[in-house]
Amino acid sequence: MPPGHIAVTIAAANVTGYYCAPGDSCWPPQAAWDSLSAKVGGRLAVLSDSNYGTCTAYGSNSFRLREESDGLCSQHANCRYKFCADQDNDTRIPDAAAYSVRAETTADVVEALDFANRHNISVSVKASGHSYAGSSNGRHSLQIWMAHFQSYSQDGLVNHTDTCGAVTPHAVKIGGGERFGEVYNAVGRQRREIRGGVQCGWQAAARDSGR
C-alpha cells in the first residue's frame, strides 16, 4: 500500500429503507412503545388501514372524520398519490401510520418527535386530514394527531410582539389543530374580519401538504 493511504472496510447495512419499519431489527420493542404511551398520558394508539371502513361510514362529514378513530380518517379517502396503498377495484386509500399520538400539549409533540428521532421512524402530522396528496398519513410512520391540541383563538384578539420587538395589533393566536370555524367565531366576536379557507371544518393552522 502506498504511503499515506489508509485501508477502510465498509460493511453494507441490512436495512429496508432510510427509516426504520416494522420487521426491521431497529423497530422498537413493545416495551419502548409502552414507555412512550406513558409519557403522553396513554394517548398512543395502534393504527391499521384495515379499519378504514370506520372512516368511510362518515362520508363527507369533515367534523366526524377529524375526531374519530385516533387520527386514522382523512377527508379525501380516494387518494392517487404515493402516500396511498392499492386496494380492490383501483380504489386507493391513504396508508395508515403505524402509531398515532393524540397530541394535546407541546410536551406531547416533543415526546413523539424525540421517540421518532431516537428510533429513526418517519413522522407524519395530521390535523383534519384535509391533504389532497395524503401526506398527513405515511406508512410505518409515527403520526402526531393535532385535532385535540391546545387552542388559543378563544382568547380573542391580542397584540403580537415579534422577535424584533415590533408590535402588531389585532392579531389572533391559532393552535396547531384549530379549524377555521373556531377562528372565525373568535374573530367575529370582536367584530373583525379575517381571510381564511372555504370550509369551517378545514384546519386553520396547517401546511398545505400535511393537513
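The axis of a helix is a line fitted to C-alpha atoms over the stretch in contact, and the angle between two axes is taken between their N-to-C directions, on a scale from 0 to 180 degrees. In this predicted model, the axes of helix 1 (residues 30-39) and helix 4 (residues 106-119) come within 10 Å and cross at roughly 160°.

**The chain as a whole**

- The chain contains 5 helices and 8 strands.
- The chain has 211 residues, of which 39% count as buried.
- Among contacts in the chain with a separation of 6 or more, 60% join residues 24 or more positions apart.

**Helix 1 and helix 4**

- Angles over 145 degrees count as roughly antiparallel, and the crossing angle here is roughly 160°; helix 1 and helix 4 are therefore roughly antiparallel to each other.
- The crossing of helix 1 past helix 4 is right-handed.
- Helix 1 contributes Ala32, Trp33, Leu36 and Lys39 to the contact, while helix 4 contributes Glu111, Ala112, Phe115, Arg118 and His119.
- By type, the residues of this contact comprise 5 nonpolar, 1 polar and 3 charged.

**Ala32, a residue of the helix contact**

- Ala32 is found in helix 1 and is one of the residues that make the contact with helix 4.
- A residue is buried when its relative accessible area is under 20%; the value for Ala32 is 17%, so Ala32 is buried.
- Apart from its neighbours within four places in sequence, Ala32 is in contact with Phe115 and His119, and both of these partners are listed for helix 4 in the helix contact.
- Ala32 and Phe115 stand 83 residues apart along the chain, and their C-alpha atoms are separated by 8.9 Å.

**Ser100, a residue of strand 4**

- Ser100 lies in strand 4, which covers residues 99-102.
- With a relative accessible area of 2%, Ser100 is buried, because the cut-off for a buried residue is under 20%.
- The side chain of Ser100 reaches the backbone oxygen of Asp70 at a distance of 2.8 Å.
- When neighbours within four places in sequence are set aside, Ser100 is in contact with Arg43, Leu44, Ala45, Leu47, Asp70, Gln143 and Trp145.

Conventions: Residues are numbered from 1 along each chain as its sequence is written. This is a predicted model: local features need pLDDT of at least 70, side-chain atom pairs count only at pLDDT 80 or more; totals for chains, interfaces and linings use all residues. Side-chain values use heavy atoms; hydrogens and water are left out. Helices (H or I, at least four residues) and strands (E, at least two) are DSSP runs, numbered from the N terminus. Angles under 35 degrees count as roughly parallel, over 145 as roughly antiparallel, 65 to 115 as roughly perpendicular and the rest as oblique. A crossing is left-handed if the near helix is turned anticlockwise from the far one by less than a right angle, and right-handed if clockwise. Contact means heavy atoms within 4.5 Å. Ala, Val, Leu, Ile, Met, Phe, Trp, Tyr, Cys and Pro count as nonpolar, Asp, Glu, Lys and Arg as charged, and the others, Gly among them, as polar. Buried means under 20% relative accessible area, exposed over 50%, partly exposed in between (1.4 Å probe, protein chains only). A polar contact is a pair of N or O atoms within 3.5 Å; within protein, one must be able to donate a hydrogen and the other to accept it, and residues adjacent in sequence count only if both atoms are side-chain atoms.
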